[in-house]
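Dear colleague,

I am passing on the structure we spoke about, and I would ask you to open it beside this message and follow the residues as they come up. My notes on what was found in it come after the structure.

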Amino acid sequence: MSRNFRPALFAFVVIAGAVSLTVIDNPARAQARGATKRTPNDTLHDHALAEIDQGQQTFRFDTFGDEAFWGDTLKLHQAIEGAALGGVGPGVSPNTALAVGLKVDVDALPGSLQSDLKHGKVNLDDPAVTVALLQLNSVVGVTGFFTDGKLTSVGIQCAFCHSTVDDSFAPGIGHRLDGWANRDLNVGAIVNLSPDLSVLDTLLDVPDAVTRQVLLSWGPGKFDAELLLDGKATRPGGGSAATLIPAAFGLGGVNLHTWTGWGSVAHWNALVANVDMHGKGRLWDPRLNDATQFPIAAANGFGNLNPTLSADDDRITPKLAALQFYQLAIPAPAPPAGSFDAAAAARGDVLFGGKARCNSCHVEPLWTEPGWNLHTPDEIGIDDFQANRAPDHRYRTSPLAGLWTHTKGGFYHDGRFATLLDVVNHYDSFFSLGLTAQEKNDLIEYLKSLPGAD
Ligand code: HEC
Ligand code: HEC
């Protein structure tokens, strides 16, 4: 992204320079200023671009030291290698990795390998190929650590769940798309590959078989970010308590994040990097000391994590500023041409702010409330289970820009509505909107068109 920015900025500087030449008509002064003196505005622009670059690097490649958990403790690298390479079990072949939703960054593959792949000369059933792909740093969101060419540990990044690829090379192989929810990724199945989950068994205080059952109940595109806070693995009806992975783009102007509004991007990043990814840093959130709501977090002191960690050893806090900056900079992608009916979407836009009353909460063009964007379960007509797993006991009005990128897995926090028609039907009956079939269709085309052109 920043690569595209620079020429644009350069062009702007050149044009601005040309304009000042003509307006001020003092070439010598303009030239001297341009050549030697950098304005505070130049500094600001440089800073913004540097933050985006740094944040992107962190989002894509920083493990925050979590290899101590995913590798050293869970020993996932041994499961990836398989017994034949000195690990355990059958190993994880590229085909298996792709089947559990892992993605490969084509830009990290050398031309020769791309050509071999194209010509079917690579054995995608061989775990050694997965290890080679890790060595090339091409598996999105997963970093292999190597000692003398041997895989000795593995860590994960934000990109693991929050990036996918455009499939430009082959299904699951393409250019990175940061901020897109990976709705193919079966996090639970991947964690379950671990030969040693005892640390999770201990935290959850359940037998190993139960931990594994919980992980396998999540399914693709879902993760339970609150499990290690409250230990709640199932909804009252019996279904999995995991939530869908949300989009991490188009978040500028949005106050509270996560399905249940835990906090700002900066807050949530600190929480997830420490508690869920098991990176090494500090976390301060005394709301987690509530032993009734968050028994596991309270018992393990997550509300004030690593209070004596020296600043030099903190792998997370120094990254938060640029990481936040980057996520706020990722635009919600526009839908492909022809993927929605423009005339119907235009009618839907009118309905959205009119008869269907959607805009009262999903305020355009943020498509969430400017301000404190939370609602009680009663206000949107659903149960309170997931809301009660968060400090405010509420649901956050989902920003809808780029909705078209995450239709897999359904809608609402747990995917309870399989289609947009199911969502619209829910509102139609809950708010007694009296929408006709045509109007529902128009609303759906509008939802598919976001972020739109207005
Ligand atoms: C294992 C998968 C996984 C990883 C790794 C992960 N996240 Fe998430 N992320 C989720 C899930 C699931 C949620 C929803 C949590 C909830 O609502 O309780 C979420 C929520 C978010 C949100 C809120 C978006 C919104 O407004 O709805 C942001 C931002 C985010 N994550 C950024 C990050 C960053 C940055 C990292 C790395 C530090 C990261 N995540 C690591 C799965 C993951
Ligand atoms: C009272 C406020 C409110 C109103 C009115 C409202 N919504 Fe929502 N909407 C929410 C909240 C809160 C959520 C998040 C629910 C959850 O997390 O389970 C949501 C979620 C959604 C989602 C799911 C997004 C996703 O990523 O899964 C869609 C789509 C949606 N709303 C569309 C609409 C439409 C269309 C209307 C008008 C017919 C509408 N909403 C009216 C508050 C509202």
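Strand S2 (residues 142–147) and strand S3 run antiparallel and are joined by 6 bridges. Please keep in mind throughout that this is a predicted model. Within this pair, threonine 143 stands opposite glycine 155, which belongs to S3. The hairpin that the strands form has 2 residues between them, and in this hairpin aspartate 148 takes a positive phi near 50 degrees. Strand S3, which covers residues 150–156, is mostly covered, since 5 of its 7 residues are buried.

**The surroundings of ligand 1**

Ligand 1 is surrounded by 26 residues, and the closest of them are Cys158, Cys161, His257, Thr258 and Trp259. Two or more residues of this shell come from each of helix H9 (159–162), H14 and helix H16 (320–329), and H14 gives the most, with 5 residues. When the shell around ligand 1 is divided by residue type, there are 18 nonpolar residues, 7 polar residues and 1 charged residue.

**The largest nonpolar core**

Which residues have the most contacts inside the largest nonpolar core? They are Leu443 and Leu447, in a core that has 101 residues. Helix H14, made of residues 265–276, provides the largest share of this core, with 6 residues. The core lies between domain 2 (67–230) and domain 3 (342–449), because both of these domains give residues to it. If you select leucine 447 and leave aside its neighbours within four places in sequence, you will find that leucine 447 is in contact with Leu400, Leu403 and Leu420.

**A buried residue in a loop**

Not counting residues up to four places away in sequence, leucine 102 touches Ala97, Val139, Val140, Val142 and Leu185. As an exercise in judging distance, you might compare the positions of leucine 102 and aspartate 392, which are 290 residues apart along the chain and whose C-alpha atoms are separated by 33 Å.

**Backbone geometry to check**

Most residues other than glycine have a negative phi, and most peptide bonds are trans, so exceptions to either pattern are worth looking up.

Two peptide bonds in the model are given here as cis. The bond from glutamate 364 to proline 365 is cis, with omega near -5 degrees, and proline 365 lies in the loop between helix H17 (342–353) and strand S11 (374–375). The bond from leucine 450 to proline 451 is also cis, with omega near 15 degrees, and proline 451 is found in the segment after H20.

Tryptophan 367 also lies in the loop between H17 and S11, and although tryptophan 367 is not a glycine, it has a positive phi of about 60 degrees. Tryptophan 367 is buried, with 25 other C-beta atoms within 10 Å. Histidine 278, in the loop between H14 and strand S9 (283–284), likewise has a positive phi, near 65 degrees, in a residue other than glycine. Histidine 278 is buried as well, with 21 other C-beta atoms within 10 Å.

With kind regards

Note on methods
Residues are numbered from 1 along each chain as its sequence is written. Chains are lettered from A and ligands numbered from 1 in the order in which they are written. This is a predicted model: local features need pLDDT of at least 70, side-chain atom pairs count only at pLDDT 80 or more; totals for chains, interfaces and linings use all residues. A nonpolar core is a set of buried Ala, Val, Leu, Ile, Met, Phe, Trp, Tyr and Cys residues joined through C-beta atoms within 7 Å. A residue is buried if 20 or more other C-beta atoms lie within 10 Å of its own, exposed if 12 or fewer, and partly exposed in between; C-beta atoms are placed from the backbone. Helices (H or I, at least four residues) and strands (E, at least two) are DSSP runs, numbered from the N terminus. Domain bounds come from an automatic or database domain assignment. Two residues are in contact if their C-beta atoms, placed from the backbone, lie within 7 Å. Two strands pair if DSSP finds at least two bridges between them. A residue is near a molecule or strand if its C-beta atom, placed from the backbone, lies within 6 Å of it. Ala, Val, Leu, Ile, Met, Phe, Trp, Tyr, Cys and Pro count as nonpolar, Asp, Glu, Lys and Arg as charged, and the others, Gly among them, as polar.
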